[in-house]
Amino acid sequence: MIWRLPKLISFPWGYDVKVIQGPSIEDDWGEYDPDTRTIYLTKSLPPAEKRGLLLHEIDHAYADWKLWAAQN
């Protein structure tokens with residue numbers, strides 16, 4: 001089975017987070033940018049590590065969404 005990473009993660013009330021794969025970002029394998037609502041992942045990682053990293057960055061996006069939802 002092939003697990004494809006999503007290109008977009010949608011939280012309730014229109015809070016969408018993009019997922020972009022590319023080269024490593026400043027010696028980091030992944031990052032969540034709350035200003036652009038974007039998760040950046042290093043494309044060269046093995047699939048299992050990339051999925052684990054995506055889940056970690058989704059935790060950051062979820063925390064940011066909760067703050068956004070409480071303030072709006």
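Modeller: The side chain of Lys 50 makes a polar contact with the side chain of Gln 21, at 2.9 Å. A polar contact is a pair of N or O atoms within 3.5 Å; within protein, one must be able to donate a hydrogen and the other to accept it, and residues adjacent in sequence count only if both atoms are side-chain atoms. This is a predicted model, in which local features need pLDDT of at least 70 and side-chain atom pairs count only at pLDDT 80 or more, while totals for chains, interfaces and linings use all residues. Residues are numbered from 1 along each chain as its sequence is written, and side-chain values use heavy atoms, with hydrogens and water left out.

Lys 50 lies in helix α1, residues 47-71; helices are DSSP runs of H or I with at least four residues, strands are runs of E with at least two, and both are numbered from the N terminus. Lys 50 is buried, meaning under 20% relative accessible area with a 1.4 Å probe, protein chains only (exposed is over 50%, partly exposed in between).

Leaving aside residues up to four places away in sequence, Lys 50 touches Leu 5, Gln 21, Leu 41, Thr 42, Lys 43 and Leu 45, where contact means heavy atoms within 4.5 Å. Of these, Leu 41 in β4 is the bridge partner of Gly 30.

Definitions and conventions
Lys, Arg positive; Asp, Glu negative; His and termini not counted. Salt bridge = Lys/Arg side-chain N within 4 Å of Asp/Glu carboxyl O. Pairing = 2+ DSSP bridges.
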